[in-house]
Amino acid sequence: MAAGRPDRGHPVRPGPRPARAARARHPGPAGGAVIEVRRAGALTTVQDLGRPGYAHLGVPRSGALDPPALTLANRLVGNAPGAAALEITATGCAIRLRRAAAVAVTGAYAEVRVDGRAAQFAAPLSLPAGTTVDVGPARAGVRSYLAVGGGLAVAPVLGSRSTDTLSGLGPAPLRDGDVLPLGTPERFPAADFAPWRPPAGDLLLAVRFGPRADWFTDDARGTLLSTEYKISPMSNRVGARLSGARLGRARGGELPSEGLVLGAVQVPAAGEPLIFLADHPTTGGYPVIAVVEDVTPLAQAGPGTAVRFREVGGPVR
């Protein structure tokens, strides 16, 4: 997303963020119920299931890119499904517990070490105060989720504790030395373990054409369904940029900014499509040729992953 041009919806780097002092630096509640961030990694954020219902105010849903992985991590430690946890991108993260707590890591497979010793992935770990949990780089997939019993009790914004990397709502992405408060452990049923399945190598995404499919040629619509694209390294939580065949327009000119939804396949002037993800803008000025029904598989799709599309149902109106 080019800074200063939210109507264009380019998923590159977010624009300038609010000053760090304006974002919550959480000292934690009395009694030491916090975690300390020892190694933040390239991008680690606090995520829950997002803040739906505010698109009319220009606020996207945000939330975990891989909701099933988040809810599984919470189930393993006995949290409510939507409790806030850490979304860890690609390079890993390390935390230190200041109270005894249950911890679980799911999502992208990574080596988990507890005080330097190997620990089980996708299983609850009951750990004493003072323990350091180190989640290594992702070995299969892109985003791992680390849940702690009680959930992360950062201050909610519009009903959610999620970090929105585009708008700047919610806590800032973590950095070394940050301290995050923990909530009181709940009594939801916990699971003992969960089978882990590697992410799919190639993706086949279901789409419905519209609402601006008529801005593209018949050949362009056929190309979208018949050719293979690759996930670009320029992708992020805002959107998955695709490299591959360019889609030709049937009409030129500018399209006034209009509403965008999760999964919208927008086509900028260069002709290569991009798919909007959790932190997408709520309006955009490039035409949307189609909408992806389920963007969840894109959460674990790294650069170079092959993507194809298939049409389902009727057009988006």
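This is a predicted model: local features need pLDDT of at least 70, side-chain atom pairs count only at pLDDT 80 or more; totals for chains, interfaces and linings use all residues.

Student: Start with the overall make-up: how many helices and strands does the chain have?

Tutor: There are 2 helices and 18 strands. Buried residues make up 51% of the chain's 317 residues.

Student: What makes R139 exposed or buried?

Tutor: Its relative accessibility is 59%, and exposed means over 50%, so R139 counts as exposed.

Student: And why is E111 called partly exposed?

Tutor: E111 comes in at 32%. Buried needs under 20% and exposed needs over 50%, so E111 falls in between and is partly exposed.

Student: How do you know that R139 and E111 form a salt bridge?

Tutor: Their side chains meet at 4.0 Å, N to O. R139 lies in strand β8 and E111 in strand β5, so the bridge ties together parts that are 28 residues apart in sequence.

Student: What makes R237 and E87 a salt bridge?

Tutor: Here the N to O distance is 2.8 Å, and the cut-off is 4 Å, so this pair passes too. R237 sits in the loop between β11 and β12, while E87 is in strand β3, 150 residues away. R237 and E87 are both buried.

Student: Why does the D214 and R251 pair count as a salt bridge?

Tutor: The distance is 3.5 Å, N to O, against that 4 Å limit, so in goes the pair. D214 has a relative accessible area of 44% and R251 has 39%, so each is partly exposed. By this rule the chain's count comes to 14 salt bridges, and E36, R38, R96 and R98 are linked in a network of them.

Student: Now the inside: which residues have the most contacts within the largest nonpolar core?

Tutor: I275, I289, L298 and F309, in a core of 43 residues. Among the elements giving two or more residues are α1, β8 and β18, and α1 gives the most, with 6.

Student: What does L298 touch?

Tutor: Leaving out residues up to four places away in sequence, L298 touches R143, L203, L205, I231, A240, I275 and L277. A second, separate core has 29 residues, including I35, L86, F121 and A122.

Student: Why would such residues gather like that?

Tutor: In soluble globular proteins, nonpolar side chains tend to be buried together.

Notes:
Residues are numbered from 1 along each chain as its sequence is written. Side-chain values use heavy atoms; hydrogens and water are left out. A nonpolar core is a set of buried Ala, Val, Leu, Ile, Met, Phe, Trp, Tyr and Cys residues joined through side-chain atoms within 4.5 Å. Buried means under 20% relative accessible area, exposed over 50%, partly exposed in between (1.4 Å probe, protein chains only). Helices (H or I, at least four residues) and strands (E, at least two) are DSSP runs, numbered from the N terminus. Contact means heavy atoms within 4.5 Å.
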